[in-house]
Amino acid sequence: MKFFIDTANLDEIRRAARWGIVDGVTTNPSLIAKEGGDFVGTIAEICSLIDGPVSAEVVAEDAETMVKQGKLLARIHDNVVVKVPLTKEGIVATAQLSALGIKTNVTLCFQPIQALVAAKAGATYISPFVGRIDDVGRDGMMMIEDMVQLYANYPELETEILAASIRHPQHVLQAALAGAHVATIPFNVMNKLFAHPLTDSGNAQFTAAWEGVPNKDIVGQVSAWLDKNER
Ligand code: E4P
């Protein structure tokens, strides 16, 4: 499963990039507005930090303006993916952008049939919003499972399922078990994916035990051994 980070915060992206598990970035108008920076400058900076798909969203009501914006956004960097809302006009724009060879991420998807429509329009990614479905008392993960099944019925569809609106590590796990291609994960949730109390206590135990080893210089010892054995 690919991990995208769901943020426009450059500091979070830099910190997560260091972890070596981030394959791409998604932004949306709310995330851009929250950071208060320049939209295009922020997208360009993100592209310089992460070598992978970076979603930048169009903001327009009509397909013509969406396509115009999308064509320009795609020129910022080869890795820019144009994010388009799953409205009827958004689907028209997706089909046109796709025909031009521009990658798209169709967002605000809340039911499997919408995912089928987006795939038929040639979307590169479809973004079902798991957390927001949970928020209204439905099962967001069931929507992911249904989409995986739906796309599996038609192997010619190349659209990747990008589980979005992720709220906690269980969402990531369940999306992976269901077979979603990507999860876009907020920084605070990604930060939790490493943790288990038994990992921490076990690591503390091993570190304490190591104190009893007479020569603790691993680098020095291994280097000397490699020299001696001509390796
Ligand atoms: C998707 O790409 C969106 O940016 C995001 O996942 C929305 O999540 P939210 O429901 O937490 O706003």
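Where is the place of threonine 124? Threonine 124 sits in the loop between α6 (112-120) and β6 (125-128). We come back to this residue further down, after a look at the whole chain.

## What you are looking at

This is a predicted model, in which local features need pLDDT of at least 70 and side-chain atom pairs count only at pLDDT 80 or more, while totals for chains, interfaces and linings use all residues. Residues are numbered from 1 along each chain as its sequence is written, and side-chain values use heavy atoms, with hydrogens and water left out.

## The chain as a whole

The protein chain has 12 helices and 8 strands; helices (H or I, at least four residues) and strands (E, at least two) are DSSP runs, numbered from the N terminus. Its C-alpha trace spans about 70 × 40 × 35 Å along the principal axes. Of the 231 residues, 42% count as buried. Here buried means under 20% relative accessible area, exposed means over 50%, and partly exposed is in between (1.4 Å probe, protein chains only).

Now for contacts, meaning heavy atoms within 4.5 Å. Among the contacts in the protein chain with a separation of 6 or more, 56% come from residues 24 or more positions apart. The accessible surface comes to about 12,700 Å², and 53% of that belongs to carbon and sulfur atoms. These areas come from the Shrake-Rupley method with a 1.4 Å probe; for residues, only the protein chains shown count as cover.

## Charges and salt bridges

The chain carries 19 positive and 27 negative side chains, and the centres of the two sets lie 1 Å apart. Lys and Arg count as positive and Asp and Glu as negative, with His and the chain ends not counted; the place of a charge is taken as NZ of Lys, CZ of Arg, CG of Asp or CD of Glu. Side chains of opposite charge can pair when their charged atoms come close. A salt bridge is a side-chain nitrogen of Lys or Arg within 4 Å of a carboxyl oxygen of Asp or Glu, and by that rule the count comes to 4.

One of them joins lysine 2 to glutamate 160, with the closest N and O atoms 2.7 Å apart. That pair links distant parts of the chain, 158 residues apart: lysine 2 is in strand β1 (residues 2-6) and glutamate 160 in strand β7 (residues 160-163). Lysine 2 is partly exposed at 29% relative accessibility, and glutamate 160 is partly exposed at 21%.

Another salt bridge runs between arginine 14 and glutamate 45, whose closest N and O atoms are 3.7 Å apart. Arginine 14 lies in helix α1 and glutamate 45 in helix α3 (residues 39-49), so the pair ties together parts that are 31 residues apart in sequence. Arginine 14 is partly exposed at 41%, as is glutamate 45 at 32%.

## Around helix α1

At the start of helix α1 (residues 10-18), a side-chain oxygen of asparagine 9 comes to within 3.0 Å of the backbone nitrogen of aspartate 11. Just after α1, glycine 20 has a positive phi of about 75 degrees.

Aspartate 135 and arginine 167 meet through their side chains in a salt bridge (3.0 Å, N to O). Aspartate 135 lies in helix α7 (residues 130-135) and arginine 167 in the loop between β7 and α9 (169-178), so the pair ties together parts that are 32 residues apart in sequence. Aspartate 135 is exposed at 53%, and arginine 167 is partly exposed at 39%.

Is histidine 171 buried or exposed? Histidine 171 is buried, at 3% relative accessibility, and lies in helix α9. Its side chain reaches the backbone nitrogen of arginine 167 at 3.0 Å. That is a polar contact: a pair of N or O atoms within 3.5 Å, where within protein one must be able to donate a hydrogen and the other to accept it, and residues adjacent in sequence count only if both atoms are side-chain atoms. Leaving aside neighbours within four places in sequence, histidine 171 is in contact with residues including Val130, Asp134 and Met141.

The side chain of threonine 124 reaches the backbone nitrogen of threonine 104 at 3.0 Å. Not counting residues up to four places away in sequence, threonine 124 touches Lys103, Thr104, Glu158, Thr159 and Glu160.

Leucine 97 is found in helix α5 (residues 88-99) and is buried, with a relative accessible area of 0%. Beyond residues up to four places away in sequence, leucine 97 touches Val67, Gly70, Lys71, Val82, Val84, Ile102 and Thr104.
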